[in-house]
Number of protein chains: 2
Amino acid sequence: MNVTDADLPAGAAPLRVAVLGCGVVGTEVVTLLTDQADDFAARVGRPIELVGVAVRRLNKVRPGIDTGLLTVDADALVRRDDVDVVVELIGGIEPARTLILTAMEHGASVVTANKALLAEDGTTLYAAAEKAGVDLYFEAAVAGAIPIVRPLRESLVGDEITSVIGIVNGTTNYILDKMDSEGSGFDETLEEAQQLGYAEADPTADIEGFDAAAKAAILSSLAFHSRVSGADVYREGITDVTSGDIASAAEMGCVVKLLAICALTEPAELADGSPGERAVSVRVHPAMIPRSHPLATVRGPYNAVFVESRAAGRLMFTGPGAGGPPTASAVLGDLVTVCRNRVRGAAGPGESSYAQRKVSPIGEVVTRYHLSLDVADVAGVLATIAGVFSDYGVSIQTVRQQGRDGDARLVIVTHRATDAALSATVEALHRLDVVNEVTSVMRVEGE
Amino acid sequence: MNVTDADLPAGAAPLRVAVLGCGVVGTEVVTLLTDQADDFAARVGRPIELVGVAVRRLNKVRPGIDTGLLTVDADALVRRDDVDVVVELIGGIEPARTLILTAMEHGASVVTANKALLAEDGTTLYAAAEKAGVDLYFEAAVAGAIPIVRPLRESLVGDEITSVIGIVNGTTNYILDKMDSEGSGFDETLEEAQQLGYAEADPTADIEGFDAAAKAAILSSLAFHSRVSGADVYREGITDVTSGDIASAAEMGCVVKLLAICALTEPAELADGSPGERAVSVRVHPAMIPRSHPLATVRGPYNAVFVESRAAGRLMFTGPGAGGPPTASAVLGDLVTVCRNRVRGAAGPGESSYAQRKVSPIGEVVTRYHLSLDVADVAGVLATIAGVFSDYGVSIQTVRQQGRDGDARLVIVTHRATDAALSATVEALHRLDVVNEVTSVMRVEGE
């Protein structure tokens, strides 16, 4: 497997690559590109030449990185007209967006792992790529090393995807999994995750669901050929999940997971009786799922994406959702593809948003709910409470009552109901004298 | 989501598609192409026009298929110069190969599900596609609807894949799973599978491992950038798997699965002490794997592929491995991609065989083994048998002895040893007077 220059086309000019950002992922990308240069050359058909790595600080120690490549002037790097591909690993909205757009204007294809930017303004990036005739690839933006962007964008593009449900944030899955297996509370588990490096010092983006919401927006856009931005995604984090919720879930054979749910809705009936257009429901929230569901088996910081489609049926993709090497694998797969496209004069897929599906408001979303109530232990309380559910058209599937010194705990699981009906029910329950507290409300999915 | 002609580029000429074969998959492909014509047009950027469907018999009833499209003259169909894409769903070597090559010569890109042909002669197909400047796509050839060809060919192309282990034959997985859950024997389970349509009337290709071996050849070629044909694959079917083997597996916390194993071997040390080239081990055989292994959870006719790579780590892809709609999903994903390439003047990836890795002979493959022996229940028998293992350098991990009326059963699990050493050990055991019979030998994988 010794690749010599003789194996490559005579005089094959190298493809020139610039990397923006040299953190955990960037370092891995640069190192692998250097270590396995022969393999990359053979796979692309031409050598890959790294021409620059934009960093914030030049004086940081970076073992294995040629310091001659480092520059603090990212802008100058993306303005070079001789760069074929820019790999953006800075993250966040600015300066990443401006740098990507400038790179494209100067003829470079772009590989990025920037989920926040794609979720906020993917359309601008697609349009710039289209205009410049360059590629935009972003496999690493969702679920780390797991190939999910390309399967949705290409493998399943001849099928009708009906839902994509993902565990796409490793930090929250690690925390919820620990709480489930050890019976520990949220705060202590978060602290432990921070000590082990599974959660960041500022964990907001992960535990409040912002990271998963960005990924849900990207997945929905691809799966449903529509434009869905991060702001369209209904979002609840896991900070309110208690050990009591997890115990309740266990009692009904479920686990709690933070899910990114992207689904085609059932078509509403129009005035003339015909079915209306199907919309898209996109939401991120903790939910109880049965332990028998494939997603329930996803442990620790792993990610998984469960896809249902009309013809293919049920598919699941599992793997490491984060970390330097896995993310670098996804980035480098895109880099080779983009370089191959350059060599062959080809172009990858552009935006596909023709279906223009609407995002349904959360109030219209239909699912099942698990509620825990602290109620007065008096005669007729169940009848009163059941009456409230009935008033709002929410049908109860099971009730479990546990008495405790004059007070009682009611655990209620509903049949499928709209979020609006359930919210109205909960508000009305709060107003009842016999209800001391609605201690938790959680969706039940995957059945 | 009403796509009107106005959404497409003015005067966009349709892409012309011919389908060869109209069995279960072909019927599904033709039906979906017709039913969802608007979606396909929007996703490709131009309408797709079905120009002909080659069948063996014109007079068969085919609900939903426009009889005006049917022809028995496949050769004339692939010789048409106005066909953009030929979808080959006939299967087998001939006439499929000649038809594909003729189609390419006449400028058509090809989408095929033909694993047997790709495993036997993929190189010829790749070369013809390269020469004609057309695409060759075959996602449906391995693991039905599960996107695995594209992830290996593109998503993971920047990584070093070290192993691919698949459950890639639904018939055998269904049979082994039933034998495991019901304790039934092979013959009765096969018969039941045939009645339910999970096994064919002539089940040879499935139960003898030929189907899985073809898929292993395709997976290895892609994963290791080398040429591996079906003939290179070591192959054992499941016809000798007994309910006793499955019970033995269960006793050690394992299940029996028919695995397609494609792995980079450890580099042998050369005379000068430097590491030699890594070869490829490609084999299909029943094996015991721990119930905790992700592949152990794959039930019934489902397929799964477990990939390990240097940077990405462990990935798993699961889904329906066969059936009309799932296979059609894979075919249609390829069809849209190939059509998009036509519209954009692009080309998909060609053959990547630069690494030219050798396939190691089965004798050099290293794994663990589970053996059951019927032995005479006399003093010193274990010492005698252990001596034979020791003579051939095979280290024993555990021995379990079960006495029965003067005879005894020994269950031995070895440490890792070469297949050659294990085979020599088994031969020597056969020659021992104290060994009545070597009742089974099975590999233990996934640990």
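Predicted model: local features only at pLDDT ≥ 70, side-chain atom pairs only at ≥ 80, totals over all residues.
View 1. The contact draws on 57 residues of chain A and 58 residues of chain B. Together the two chains bury about 4600 Å², with 50% of this area on carbon and sulfur atoms. Three salt bridges are counted between chain A and chain B, and 22 residue pairs are in polar contact across this interface, both members of each pair having pLDDT 80 or more.

**View 2. The side of chain A that touches chain B.** Elements of chain A that each supply at least two residues to this side are α1 (24-35), α2 (37-44), α6 (149-155), β12 (313-320) and α12. The largest share is that of α12(A), which contributes nine residues. Sorted by class, this side of chain A comprises 27 nonpolar, 14 polar and 16 charged residues.

**View 3. Salt bridges of A:R150.** The side chain of A:R150 meets that of B:E154 in a salt bridge, at 3.5 Å from N to O. A:R150 also forms a salt bridge with A:D334, where the closest N and O atoms lie 3.2 Å apart.

**View 4. Domain 1 and domain 2 of chain A.** The domain assignment divides chain A into domain 1 (5-144 + 325-344), domain 2 (149-320) and domain 3 (363-444). The centres of domain 1 and domain 2 of chain A, taken over C-alpha atoms, are separated by 29 Å. Their contact involves 18 residues from domain 1 of chain A and 20 residues from domain 2 of chain A. About 1400 Å² is buried between these two domains of chain A, 60% of it on carbon and sulfur atoms. Three salt bridges are found across the interface of domain 1 and domain 2 of chain A, together with eight residue pairs in polar contact, both residues at pLDDT 80 or more.

**View 5. The side of domain 1 of chain A that touches domain 2 of chain A.** In chain A, α5 (115-132), β6 (136-137) and α12 (324-344) each provide at least two residues of this side. The most comes from α5(A), with six residues. The residues of this side of domain 1 of chain A divide into 11 nonpolar, four polar and three charged.

**View 6. Packing of helix α5 and helix α10 in chain B.** Helix α5 (residues 115-132) and helix α10 (residues 210-224) of chain B pack at an angle of about 35 degrees, and their axes are 7 Å apart. From α5(B), the residues B:K115, B:A116, B:L118, B:A119 and B:Y126 meet B:D211, B:A214, B:K215, B:A217, B:I218 and B:L222 of α10(B). The residues of this contact between α5(B) and α10(B) include eight nonpolar and three charged, with no polar residues.

Definitions and conventions. Residues numbered from 1 in each chain as written. Chains lettered and ligands numbered in written order. Heavy atoms only, no water. Axes fitted to C-alpha atoms, helices over the stretch in contact; angles between N-to-C directions. Helix = DSSP H or I, 4+ residues; strand = E, 2+ residues; numbered from the N terminus. Contact = heavy atoms within 4.5 Å. Nonpolar A, V, L, I, M, F, W, Y, C, P; charged D, E, K, R; others polar. Domains from an automatic or database assignment. Buried area = accessible area lost by both parts, 1.4 Å probe. Salt bridge = Lys/Arg side-chain N within 4 Å of Asp/Glu carboxyl O. Polar contact = N/O pair within 3.5 Å; in protein donor to acceptor, adjacent residues only side chain to side chain.
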